[in-house]
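Trainee: Can we go through this model together? I'd like to ask things as they come up.

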Amino acid sequence: MGDRPLLQVDNLSVQYRTRQGLVSAVDGVSFDVRPSEALVVLGESGCGKSSLARALMRVLPRNVYHVGGRVSFGDADLTAMDAEHFRREVQWSRMALVMQASMNALNPVVRVGDQVAEPLRVLRGWPSGKARARVAEVLQLVGVSPDFMGRYPFELSGGMRQRVVIAMALVAEPELVILDEPTSALDVLTQASIMNALKEIKRELGTSFILITHDVATSSELADRVALMYAGQFVEVCDAATFFSEPAHPYSRMLMASVPRFRQA
Amino acid sequence: MSRSPRTGAWSDAWGGLVPHIGLLAEPESEGEPQVREGRYTLLLEAVVFDADAPLEAELVLYGRVHGIAGTDHQRRDLSLALMWGTPVTLAFGLIAAVGTTITTLIIAAVGVWYRGWVDAVIQRLTEVNMILPMLPILVMVGTLYSTSIWLMLGVVVVLGIFSAGIKMYRVMLLPIREAPYIEAAQAYGASNLRIVMRYMIPRILPVLIPTFVTLIPTFVFLEASLAVLGLGDPVLPTWGKVLNDAQSQSALYNGYTYWVVSPAVLLMLTGLGFAMLGFAMDRVFNPRLRSL
């Protein structure tokens with residue numbers, strides 16, 4: 001794992017225009033993600049985690065004022081890339097996003113199979129037969145039977161829907177998947193089984209993950225490294241083992257102390 | 001009593017009957033006119049400018065009013081006009097409804113998706129267009145330009161593009177624009193056109209189909225009103241034109257109620273039929289209404 005980083009983010013900042021003036025959602029964040037590594041971005045609500053993910057994927061809301069910093073992905077400098085080039089070369093095919101509230105990220109009037117195939121049809125123009133074969137493959141990978149391809153999203157349980165959304169992110173075989181709170185609306189068992197599925201994918205396909213969450217317990221399942229975000233800045237980036245056992249920053253310590261345990265020491 | 005058809009008042013001479021019946025009828029007969037038997041002489045006076053000029057004359061006598069729908073003042077079978085009017089009327093209603101609904105829907109979705117000045121322009125155009133009265137404009141076009149039914153159809157569709165429906169569709173599309181799956185579609189790089197046509201519009205289609213069906217009779221009635229006002233297509237037979245003929249021949253005054261009733265009943269049946277279909281479809285497509 002000592003090879004050169006897959007994603008390198010240098011001094012990334014995102015500012016929004018609001019009625020009360022400018023808001024710095026992401027404020028000079030620098031980090032890197034190595035191939036086949038899972039970086040967990042922890043942080044409380046509103047600290048800029050989702051803005052970070054959106055800035056990386058270039059799906060920012062309309063009131064964005066300024067995006068600064070440098071992002072390079074593999075050999076490509078993403079900051080210098082124009083929108084069309086980015087759409088064709090990087091977006092979804094190399095870097096995919098699992099949206100927040102992804103339980104609702106499925107179009108209710110489109111069958112699951114068609115929906116998962118949609119990125120392939122949009123980006124690569126695949127015919128539906130070829131796309132379906134790939135969809136069946138990727139659904140199996142996330143633990144959904146391909147029999148569900150003909151169903152509508154409302155016929156699936158929350159956990160299944162979540163798996164389908166992850167399948168949608170994986171369908172174009174990206175090198176990096178950004179998961180924005182993928183399990184926040186699910187029960188603990190489902191969370192654990194989805195985390196296991198992600199772990200398996202990481203091991204088998206060598207996909208890198210950026211897992212954005214506020215859930216310390218769940219994130220520890222997958223994390224190789226942890227970045228703790230507070231008020232738009234990374235206050236601590238270190239090894240998962242170090243972070244969960246002896247956090248350095250006072251905020252990290254407070255956060256770790258807030259995680260409920262069976263017997264409070 | 002000396003009976004002279006040329007000098008006496010018509011009503012007096014033919015017992016209140018129109019000339020082509022009264023001429024051969026028994027004058028004193030009560031109720032149904034009876035044929036007066038006897039010899040009739042037909043005198044033809046013609047002025048010709050050449051001794052060898054041909055002259056063709058034909059006397060056609062109709063025994064009675066025929067056809068299930070009766071005949072009109074020119075002895076044309078009304079059932080033919082009513083039957084041929086059906087496809088014309090339905091085609092007009094259907095094409096106008098399809099044309100206005102689809103264009104309106106696409107324009108509303110485009111405005112919602114692109115927001116900003118695109119939306120503002122579409123909304124202002126709609127508001128201006130909502131004030132413009134449709135029927136007087138059509139009457140103007142028919143009077144001054146052409147009464148071709150296809151031209152009328154074109155004008156109806158053009159005026160219908162920026163109709164009040166845009167406001168309704170916009171309200172329905174606004175929450176869909178913010179749906180997470182639209183955001184996800186942007187994230188995997190779906191084009192604007194694809195988002196509008198494949199993701200946004202299909203979401204409101206189920207609600208739309210019943211509205212669309214109930215819209216068809218509106219245009220059927222519009223076409224009929226134009227024809228009643230004398231702006232029907234001169235070539236095609238329509239229900240409205242039958243009504244127009246009936247009116248110009250004072251059908252009701254003369255007691256020919258069938259002439260007015262049959263096209264009117266057909267119009268009402270069409271309207272009722274589409275309305276019922278629309279209500280039924282509403283229940284199928286909007287399950288929330290089912291308990292009502």
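Trainee: To start, where is the place of A:W92 in chain A?

Mentor: A:W92 sits in the loop between α2 (83-89) and β6 (95-98) of chain A, where helices (H or I, at least four residues) and strands (E, at least two) are DSSP runs numbered from the N terminus. Before we go on, this is a predicted model, in which local features need pLDDT of at least 70 and side-chain atom pairs count only at pLDDT 80 or more, while totals for chains, interfaces and linings use all residues. Residues are numbered from 1 along each chain as its sequence is written, and chains are lettered from A and ligands numbered from 1 in the order in which they are written.

Trainee: And what is the phi of A:W92?

Mentor: The phi of A:W92 is positive, about 70°, although the residue is not a glycine. Most residues other than glycine have a negative phi.

Trainee: Is A:W92 buried or exposed?

Mentor: A:W92 counts as buried because it has 24 C-beta neighbours inside 10 Å; the cut-offs are 20 or more other C-beta atoms within 10 Å of a residue's own for buried, 12 or fewer for exposed, and partly exposed in between, with C-beta atoms placed from the backbone.

Trainee: What about A:E173, where is that found?

Mentor: A:E173 is in the loop between α5 (158-170) and β7 (176-180) of chain A, and it has a positive phi of about 50° without being a glycine. A:E173 counts as exposed, because it has 12 C-beta neighbours inside 10 Å.

Trainee: Switching to sheets: what is the strand order in the open sheet of six strands?

Mentor: The order is β6-β7-β8-β3-β9-β10 in chain A, with mixed pairing, two strands being paired if DSSP finds at least two bridges between them. The edge strands are β6 and β10 of chain A, each of which pairs on one side only. On average, neighbouring strands of this sheet are turned by 15° against each other, direction ignored.

Trainee: Which strands there pair in the parallel sense?

Mentor: One such pair is β3 (residues 38-43) and β8 (residues 208-213) of chain A, joined over five bridges, with A:L39 standing opposite A:I210 in β8(A). The helix α1(A) packs on this sheet, touching β3, β6, β7, β8 and β9 of chain A, and its direction makes about 145° with that of β7(A). Contact here means C-beta atoms, placed from the backbone, within 7 Å, and axes are lines fitted to C-alpha atoms, for helices over the stretch in contact, with angles from 0 to 180 degrees between N-to-C directions.

Trainee: How do β9 and β10 of chain A run?

Mentor: Strands β9 (residues 225-230) and β10 (residues 233-239) of chain A run antiparallel and are joined by six bridges, with A:V237 in β10(A) as the bridge partner of A:A227. The two strands form a hairpin with two residues between them, and A:A231 in the turn has a positive phi of about 50°.

Trainee: And the open sheet of four strands, what is its order?

Mentor: That sheet of chain A has the order β2-β1-β4-β5, with antiparallel pairing, and its edge strands are β2 (21-33) and β5 (76-77) of chain A. Helix α1 (residues 49-57) of chain A lies across β1 (7-18), β2 and β4 of chain A, running at about 70° to β2(A).

Trainee: Over to chain B: how many helices and strands?

Mentor: Chain B has eleven helices and zero strands, and buried residues make up 28% of its 292 residues.

Trainee: How far does α11(B) reach?

Mentor: Helix α11 (residues 257-285) of chain B has 29 residues and reaches 41 Å from its first C-alpha to its last, close to the 42 Å expected at 1.5 Å a residue, that expectation being 1.5 Å times one less than the number of residues. Its buried residues, including B:W259 and B:F274, pack against α3 (78-114), α9 (192-231) and α10 (239-248) of chain B.

Trainee: How many residues does the contact take from each chain?

Mentor: The contact takes 13 residues from chain B and 17 residues from chain A. On the side of chain B that touches chain A, α8(B) gives the most, with six residues.

Notes:
Two residues are in contact if their C-beta atoms, placed from the backbone, lie within 7 Å.
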